[in-house]
Amino acid sequence: FNSVLSRNFAREEYPYNYARHPLGSAISRDSSKDVLAEVRVQTPISGTTNTSPVHGQDNGQPARLFSAMRGRLRQVAASLQAAVRFRHISRRETRPPDWFVDKSNQDEATENRETPAPTCWGHRIVVNPSLPSHYKWLMVVSLAVLYNVIFVLGRAVFWELNNASPPLWWTLDYLCDVIYILDTLIRSHEGYLEQGLLVTDPHKLRMHYFQSKKWRTDVLSLLPTDIVYCWWPPYNCYVKVPCPVIIRLNRLFRMPRLREWFERTETDTNYPNVFRICKVVLAILVLIHWNACLYFAISYAIGFGTDSWVYNLNGTVNSTLMRQYIYSFYWSTLTLTTIGETPVPENDAEYLFVVADFLAGVLIFATIVGNIGSMISNMNVARVDFQNRMDGVKQYMAFRKVGRELEGRVIRWFAYTWAESGALDEERVLSALPDKLKAEIAIRVHLETLRKVRIFQDCEPGLLEALVLKLRLQVFSPGDYICRKGDVGKEMYIVKRGRLQVVADDGKTVLATLGAGSVFGEVSVLDIAGNRTGNRRTANVRSLGYSDLFCLAKEDLLVALADYPEARATLIERGCQLLRKDGLLDEDALQKARERQESMTDSLK
């Protein structure tokens, strides 16, 4: 910039050296070549000094001074104009090319900036609902809810129960309140999934909690209704219904937490049908308990002993807590199950209550009985399905007259499969799972067995994972031949359980015995060129007892090896080594096959 101004001023014949001007030097320090190339300062030519002989020397001196001052002012103005233009160009050049790019940069800077972790009252509280500790906490909360469900209404109606042990009730009541308060804190910080990830920001967890409807029931269950005890003493209740403990009924608003624990348990347990039956039985008992309390309260409102329908409190036995509750529970059971044989009502209120009880009993218990029936049916569905299949096979064998000996073997095979595995169809059971989870289960079950095969040792993990999905379990009965000498080998076998015999052609001479972990037929599935046996079986293998074998078909192996050419070459080489060891490999045929393969590959290229 300095040089440009100097050339312009020199061309305009200014005696003033602009390079010494402080503004010009400042601009020159902050400028760049690209920007300076666009800056051109056009300074007007200053007026020339009048040197005409008409003027005298005295008049020429002021004129020169005036001309110099005017030139100096023009230079300053030109410098200011150049500075303004330079500033405008600098702004235009440094502006971001795109607002979206600038916003992205700001977002990245915000993400990279380390911010302090959000806390709750100085502590970071995040609860993972999938942990076992959370399940155990749900069980504790469920016990507190169940205590309130049973004893709040029971103590409110049966005054003898409420007055039995005041210190015990006081301790249990406020222990449950403490559990409720802690559960509210935990529930407001329970993690949830957002885009497949567990949210661990306490602020977001609290916002999610208050946006749901959970906080309403939690607040209702924690309302301090116990302050009514200041005017209504809780443990001075004699022959009076309800007792002051009735004000704690708001604790029942925490029942969704009990239902949540039931759902978690039903999902996690290995016996879901048994748990469902127990849950239904518990619901029946609670309903009968509530109805018993309601019957005793109505008897108090009408008057104990006023007629034959209400409870008669007269007498030493009838006044005890045990007789009061047992009779009320008995009456409630008869009414809700619609069995009848209860005392006949004698006034309108009694008739209305009994009718309402009968209707509720019909609806509730019809639903409950139907659910229990379906649960029991589901418990035996596997056995029923297995029995139907076996009956179908038996009918077919009887129709085709296959013979008693073969029919007995088939029936014994069915009995063995049911005793060992419950006739479990693994493919049908695992069909609902994605391939990834299915592969992990198969790896846990079959991988150790597959590693025992010599040709599969040190193979790539991906190949072994592909192969374990191809294994099929087969069960052989005593005396069954797995393969015979001369058969074309299309499968390889891995012994999972049982004992096999390698027998001679006469079927009596035992050449070898195979146990769990033994493998045979592995070379035939590789289809190695030069195999003198031509991929045929070289021995007879017979099951000594009931044997469980994993079968791997040749087609499945070749499909898996298509994606692993290096592993395929390694397996073929190991198979060649096994054949050389037994003297069953034709080296010339193997070499010719390799040459043909290479020439075919070259031709294709």
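At 30% relative accessibility, Leu222 counts as partly exposed in this predicted model. Leu222 sits in the loop that links helix H10 (214-221) to helix H11 (255-268). What does Leu222 touch, once its neighbours within four places in sequence are left aside? The contacts are Asp177, Tyr180, Ile181, Thr184, Asn250 and Arg254. Val178 is 44 residues away from Leu222 in sequence, yet their C-alpha atoms are 9.7 Å apart in space.

That loop between H10 and H11 also holds Pro242. The peptide bond joining Val241 to Pro242 is cis, with omega at about 0°. For background, most peptide bonds are trans, and most residues other than glycine have a negative phi. Lys401 has a positive phi, near 55°, and is not a glycine. Lys401 falls in the loop between helix H15 (381-400) and helix H16 (404-421), and its relative accessibility of 71% is why it counts as exposed.

The largest nonpolar core is made up of 40 residues, and Trp159, Phe296 and Trp309 have the most contacts inside it. Two or more residues come from each of helix H6 (132-157), helix H7 (159-162), helix H8 (166-187), H11, helix H12 (272-302) and H14. H6 gives the largest share, nine residues. Another core, of 31 residues, lies apart from the largest one and includes Cys459, Ala560, Ala567 and Leu578.

Next come the annotated spans. An unreviewed UniProt entry carries the annotation "transmembrane region" for residues 137-158, 280-302 and 351-373.

On the H13 side, the contact is made by Trp331, Thr335 and Leu336. These meet Phe353, Val354, Asp357, Phe358, Gly361, Val362 and Phe365 in H14. By type, the residues of this contact are seven nonpolar, two polar and one charged.

Four of them form an open sheet with antiparallel pairing, in the order E3-E10-E5-E8. Strand E3 (472-476) and strand E8 (519-520) are the edge strands, each pairing on one side only. Strand E5 (residues 491-497) is joined to E8 by two bridges, and Ile494 stands opposite Val519 in E8.

Strand E6 (residues 500-503) and strand E7 (residues 510-514) run antiparallel too, with four bridges between them. Here Val503 stands opposite Val510 in E7. The hairpin of E6 and E7 has six residues between its strands, and Gly507 takes a positive phi near 80° in this hairpin.

Definitions and conventions
Residues numbered from 1 in each chain as written. Predicted model: local features only at pLDDT ≥ 70, side-chain atom pairs only at ≥ 80, totals over all residues. Heavy atoms only, no water. UniProt positions renumbered as here; feature names shortened; annotations may be inferred. Pairing = 2+ DSSP bridges. Buried < 20%, exposed > 50% of the residue type's maximum accessible area, 1.4 Å probe, protein only. Contact = heavy atoms within 4.5 Å. Nonpolar A, V, L, I, M, F, W, Y, C, P; charged D, E, K, R; others polar. Core = buried A, V, L, I, M, F, W, Y, C linked by side-chain atoms within 4.5 Å.
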